[in-house]
Amino acid sequence: MKTERYIITIFGIDTRFYTDEYLSHLWEECADKEFLRSSKYITGLIDRKNLVCGEIRGCRLTEYAHVITTVRNPVEVETQEVFMESLKNILRDIRNILNHPSMTISIQGTEYYYFA
């Protein structure tokens with residue numbers, strides 16, 4: 001099935017305090033809230049990656065970014081617009097809780113298959 005992969009990058013937060021486990025808990029909390037609001041649940045996969053943004057720009061090589069990946073299952077969420085609205089709600093909630101860190105989102109077309 002043709003669908004989209006969404007890659008969200010959060011950077012500029014202290015990864016000693018905002019651990020992978022904390023962000024996973026936060027994602028689940030915000031995704032649960034969105035599910036109650038819209039009946040759409042968005043699953044996320046969270047990784048911590050080295051952030052290379054240039055020492056010349058004031059970044060250190062010891063900085064990290066959290067990368068959250070999710071794929072719209074066309075069987076569960078019919079359209080990209082509906083999925084994006086729920087994803088935006090989750091990301092707004094997370095940004096508010098984290099005190100508005102820098103965040104980017106990339107959307108890629110992909111083929112999606114799953115096995116029950």
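**Entry 1: a term to begin with**

I call a residue buried when its relative accessible area is under 20%, exposed when it is over 50%, and partly exposed in between. With a relative accessibility of 69%, Gly109 is over the 50% mark, so I put it down as exposed. Its place is in strand β4. I also looked up how Gly109 sits relative to Glu85: the two are 24 residues apart in sequence, and their C-alpha atoms are 18 Å apart in space.

**Entry 2: what kind of model this is**

I remind myself that this is a predicted model. The average pLDDT of the protein chain is 90, and 97% of the residues score at least 70. Where is confidence lowest, and where is it highest? The lowest mean, 90, belongs to strand β2 (residues 45-50), while helix α2 (residues 80-97) has the highest, at 97.

**Entry 3: the whole chain**

I counted 2 helices and 4 strands in the protein chain. Going along the sequence, I read their order as β-α-β-β-α-β. The C-alpha trace spans about 45 × 30 × 25 Å along its principal axes. Of the 116 residues, 36% are buried. The accessible surface is about 7,400 Å², and carbon and sulfur atoms account for 53% of that. I looked up the charges as well: there are 14 positive and 17 negative ones, and their mean positions lie 5 Å apart.

Next I turned to contacts between residues at least 6 apart in sequence. I noted that 72% of these join residues at least 24 apart.

**Entry 4: strand β1 and its partners**

Which strands pair with β1, and in what sense? Strand β4 (residues 102-111) pairs with β1 (residues 2-11) in the antiparallel sense, over 10 bridges. Strand β3 (residues 64-71) also runs antiparallel to β1, and 7 bridges join the two. I picked a residue pair from each pairing to find in the view. Phe11 stands opposite Ser102 in β4, and Ile8 stands opposite Ile68 in β3. A general point I keep beside this entry is that side chains in a regular strand alternate between the two faces of the sheet.

**Entry 5: Leu23**

Is Leu23 buried or exposed? Its relative accessibility is 3%, which is under 20%, so I list Leu23 as buried. I found this residue in helix α1 (residues 20-38). Leaving out residues up to four places away in sequence, Leu23 touches Ile13, Tyr18, Ile46, His66 and Leu98. I then checked Leu98 in particular: it is 75 residues from Leu23 along the chain, yet their C-alpha atoms are separated by 9.6 Å.

My last stop was a pair of backbone angles. Most residues other than glycine have a negative phi. Asn99 is not a glycine, but its phi is positive, at about 65°. His100 also has a positive phi, near 60°, and is likewise a residue other than glycine. Asn99 is in the loop between α2 and β4, and I found His100 in that loop too.

How do they stand in accessibility?

Key
Residues are numbered from 1 along each chain as its sequence is written. This is a predicted model: local features need pLDDT of at least 70, side-chain atom pairs count only at pLDDT 80 or more; totals for chains, interfaces and linings use all residues. Side-chain values use heavy atoms; hydrogens and water are left out. Two strands pair if DSSP finds at least two bridges between them. Buried means under 20% relative accessible area, exposed over 50%, partly exposed in between (1.4 Å probe, protein chains only). Contact means heavy atoms within 4.5 Å. Accessible areas come from the Shrake-Rupley method with a 1.4 Å probe; for residues, only the protein chains shown count as cover. Lys and Arg count as positive and Asp and Glu as negative; His and the chain ends are not counted. The place of a charge is taken as NZ of Lys, CZ of Arg, CG of Asp or CD of Glu. pLDDT is the predictor's confidence in each residue, from 0 to 100.
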